[in-house]
Amino acid sequence: RCDIYTDVDGVYTTDPRICDKARKLDRIAFEEMLELASLGAKVLQTRSVELAMRFKVKLRVLSSFEEQSDEAGTLVCDEEDIMESNVVAGVAYSRDEAKMTLVSVADRPGIAAAIFGPLAEAGVNVDMIVQNISEEGRTDMTFSCPTNQVKRAEKAMAEAKAQGDINFHDVIADEGVAKISVVGIGMRSHAGVAAKMFEVLSQEGINIKVITTSEIKISVLIDR
């Protein structure tokens, strides 16, 4: 086991500085911690969780400012070591997101590669991707990336268009968005998590711009 001492006393369901209902987790699976770390939770570095998961080394997150006991902190471990998994282990957020839309792109085989190839070569870290329904052979392609990479993405798209690799009418960048994600291995066996998340956002009058899902994660882009 590897004990990691930080300025917090464990891993919380969300940022306790923002939500006073956040609670400390006794245990969390490697996969959940890896997702939360990559989505903006700053308790652990993504690389440290990757190494621990690869070599099956349990992590315990502890506070540097408190006396420790066997029950202190949060244990990051294999899913099999958790008796009963939470449906949702945590909620993460990131304010450093931008939504970019290529308007009226030709809807043809290979267009995705023609768009995201140059972005990858330019070092743009693309996250969420959505393609709209095609109309008359044209479509809109939307993706998210870090706000500090927007100019790089715009330059890459302009160069690809100038070279004739892609053709679009406009590039629209929206830097006034944030990404909210819920993570939990319990979502593999429990239905209705997405519906509940969308219902809560609706009740607060929050409009969802982009949605992506995986086996243990649901992410949405919303206005900040």
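Modeller: Gladly! Let's begin with Glu-215, which is exposed at a relative accessible area of 53% (buried means under 20%, exposed over 50%, partly exposed in between, with a 1.4 Å probe and protein chains only). This is a predicted model: local features need pLDDT of at least 70, side-chain atom pairs count only at pLDDT 80 or more, and totals for chains, interfaces and linings use all residues. Residues are numbered from 1 along each chain as its sequence is written, and side-chain values use heavy atoms, leaving out hydrogens and water.

Biologist: Which residue forms a salt bridge with Glu-215?

Modeller: A salt bridge puts a side-chain nitrogen of Lys or Arg within 4 Å of a carboxyl oxygen of Asp or Glu. Here the partner of Glu-215 is Arg-188, with the closest N and O atoms 3.5 Å apart. Salt bridges that share partners join Glu-31, Glu-79, Arg-188 and Glu-215 into one network. Arg-188 meets Glu-31 at 2.7 Å, N to O. Arg-188 is partly exposed at 32%, and Glu-31 is partly exposed at 27%.

Biologist: Are Lys-217 and Glu-35 buried or exposed?

Modeller: Both Lys-217 and Glu-35 are buried. They form a salt bridge at 3.9 Å. Lys-217 lies in strand β10 and Glu-35 in helix α1, so the pair ties together parts 182 residues apart in sequence (helices, H or I, at least four residues, and strands, E, at least two, are DSSP runs numbered from the N terminus).

Biologist: What is the order of the strands in the open sheet?

Modeller: Strands of a sheet pair through backbone hydrogen bonds, either parallel or antiparallel. The four strands here have the order β1-β3-β4-β2, with mixed pairing (strands pair if DSSP finds at least two bridges between them).
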